[in-house]
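This report is meant for someone meeting the structure for the first time.

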Amino acid sequence: MRDQMNWDSLFLNGNPFDISPPMDSENVIWAGMTKLEQHFNEIFQQAAFSSATQVVLNRGPYGGGKTHASLYFGIEDNLPPEVTKRTRVYSINIRLPKEVGNPSHDFYVDFLENEKLGMTRVQEIISNVVTGLSEAEALQSFHKVLGSEELARAFWLFGTEDTPEKQALLRPYFLEGCTRTDLKKLGIARNISKAQDRFRVIAGVLQCLIGLDASRDISQHSRVCLWIDEMEDMIYFTSAQFRMLSQGLREIIDLLPNFFTLFLNMSLAEPKEYDDFETLLGRAVIDRITNSIYFSELEIDESMQYVNKLINNPIYRDKPLPKGLPRTYPFEVKALEMLVEDLEKRTPRDINKRCHNAINHAFHDIHFEAGKSIIDQKYVMKIEKNDLDRETN
């Protein structure tokens, strides 16, 4: 086929310019954007040397790299070595629910069924944390976070009950609720029926990951990071739904004053308008923000560095280029500058889209011949700008 994309002929193992984040977060790489990387590293370093909870607002234009950051820094191996030597870091990524029927309930279920959790893992987490504790000690610890004797007892049962019948009842209890008959069998007086209960359960699971030790000794706890993506979708909520979720986030922050980091990813059409963030998040959450990271559009030199680092990452290029070819191959350096300098928005997503479409054009025109041809300035001028910026399939 004329338009078949043979990445081997470009000395690449695949397409470096994906528009969407990879399905497997283990394959997420960080290219360029050194200022942003340093800012995140500083936040994690603060977390490694202090017990205090952090609330981090990540804001910037659509396609600026916020979701990418949540995937990349959600992998413990990608954190600074001095951080992982001092503490264990758990990361959980979740998107704000798209359905607007009952977003606080959907958020709760999505959290419990997250790929990093699931009810089997939640049971394991609770079971591990109560090992060595008496029932009274565990119930007292759970009660502090959950604010409810019944929820505390449900946690205790979920972590210690080994009969298949009761375990089969506890899973629906946490997710959707039980009948009165089943509640009686469990010895629990009521279901998780209030929004406040659901957010307290989330805080309880996170506290179990952190550890129940009452001290602030870093060696006795893990740092837990919860990344919430696409917070801007709160704009579609009713005032009641918005208030419920905002109050729920405040509840989680206040119930976890130590060893917890909450990352809130938010994109808006005018990302520098701080008032918009306060309107969506609510004053109570805004007042609890400890750090703010702005994902600005890249300068031309930063864009060049981004593409250079991306295509030369060992995932995509694991062998040296033939002599005489620039590190930016299949782009001539000046041609790459032309491609990025007149972008309307110089975000990683838009840079990826433009580079991918330029390569796609060149393949379609049979422009490449295994290192003998290159996308130069003349070829860039030949391609229509509208074609370069079209949506990529």
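## Charged pairs and their surroundings

With a relative accessible area of 42%, Arg 88 counts as partly exposed, where buried means under 20% relative accessible area, exposed over 50% and partly exposed in between, computed with a 1.4 Å probe on protein chains only. The model is a predicted one, in which local features need pLDDT of at least 70 and side-chain atom pairs count only at pLDDT 80 or more, while totals for chains, interfaces and linings use all residues. Residues are numbered from 1 along each chain as its sequence is written, and side-chain values use heavy atoms, with hydrogens and water left out.

Side chains of opposite charge can pair when their charged atoms come close. Here a salt bridge is a side-chain nitrogen of Lys or Arg within 4 Å of a carboxyl oxygen of Asp or Glu, and the structure holds 13 of these salt bridges. One of them joins Glu 76 to Arg 88, with the closest N and O atoms 3.0 Å apart. Glu 76 lies in the loop between H2 and H3 and Arg 88 in the loop between H3 and strand E2 (89-95), so this pair ties together parts that are 12 residues apart in sequence. The names of helices (H or I, at least four residues) and strands (E, at least two) refer to DSSP runs, numbered from the N terminus. Glu 76 is partly exposed, at a relative accessible area of 22%.

| Salt bridge | Closest N and O atoms |
|---|---|
| Glu 76 and Arg 88 | 3.0 Å |
| Arg 288 and Asp 254 | 2.9 Å |

Arg 288 forms a salt bridge with Asp 254. Since Arg 288 lies in the loop between helix H13 (283-286) and strand E5 (291-294) and Asp 254 in helix H11 (residues 239-255), the pair ties together parts that are 34 residues apart in sequence. Arg 288 is partly exposed at 26% relative accessibility, and Asp 254 is partly exposed at 42%. Elsewhere, Arg 95, Lys 98, Glu 230 and Asp 233 are linked in a network of salt bridges.

## Aromatic rings

Rings of Phe, Tyr and Trp (its six-membered ring) pair if their centres lie within 6.5 Å, with planes under 30 degrees apart counted as stacked, over 60 as edge-to-face and the rest as tilted. Searching the whole structure finds 18 aromatic pairs. The rings of Phe 40 and Phe 73 have centres 4.8 Å apart and planes at 25 degrees, so this pair is stacked. Phe 40 lies in helix H1 (residues 34-49) and Phe 73 in the loop between helix H2 (66-72) and helix H3 (81-86), so the pair ties together parts that are 33 residues apart in sequence. Both Phe 40 and Phe 73 are buried.

Phe 40 also pairs with Trp 227: the ring centres are 6.0 Å apart and the planes at 35 degrees, so this pair is tilted. Because Phe 40 lies in helix H1 and Trp 227 in strand E3 (residues 223-229), the pair ties together parts that are 187 residues apart in sequence. Trp 227 counts as buried, at 1% relative accessibility. Ring pairs link Phe 40, Phe 73 and Trp 227 into a cluster that also includes Trp 30, Phe 44, Tyr 72, Phe 263 and Phe 295.

Some rings also have a charge over them, meaning that NZ of Lys or CZ of Arg is within 6 Å of the ring centre and within 35 degrees of the ring normal. Lys 66 lies over the face of Phe 295, 5.8 Å from the ring centre, and the charged end of Arg 86 sits over the ring of Phe 49, 4.1 Å from its centre.

The expected span of a helix is 1.5 Å times one less than its number of residues. In H5, the buried residues include Met 119, Val 122, Ile 125 and Val 129. Just after H5, Gly 132 takes a positive phi of about 90 degrees.

H11 has 17 residues and reaches 24 Å from its first C-alpha to its last, close to the 24 Å expected at 1.5 Å a residue. Among the buried residues of H11 are Leu 245, Leu 249, Ile 252 and Leu 255.
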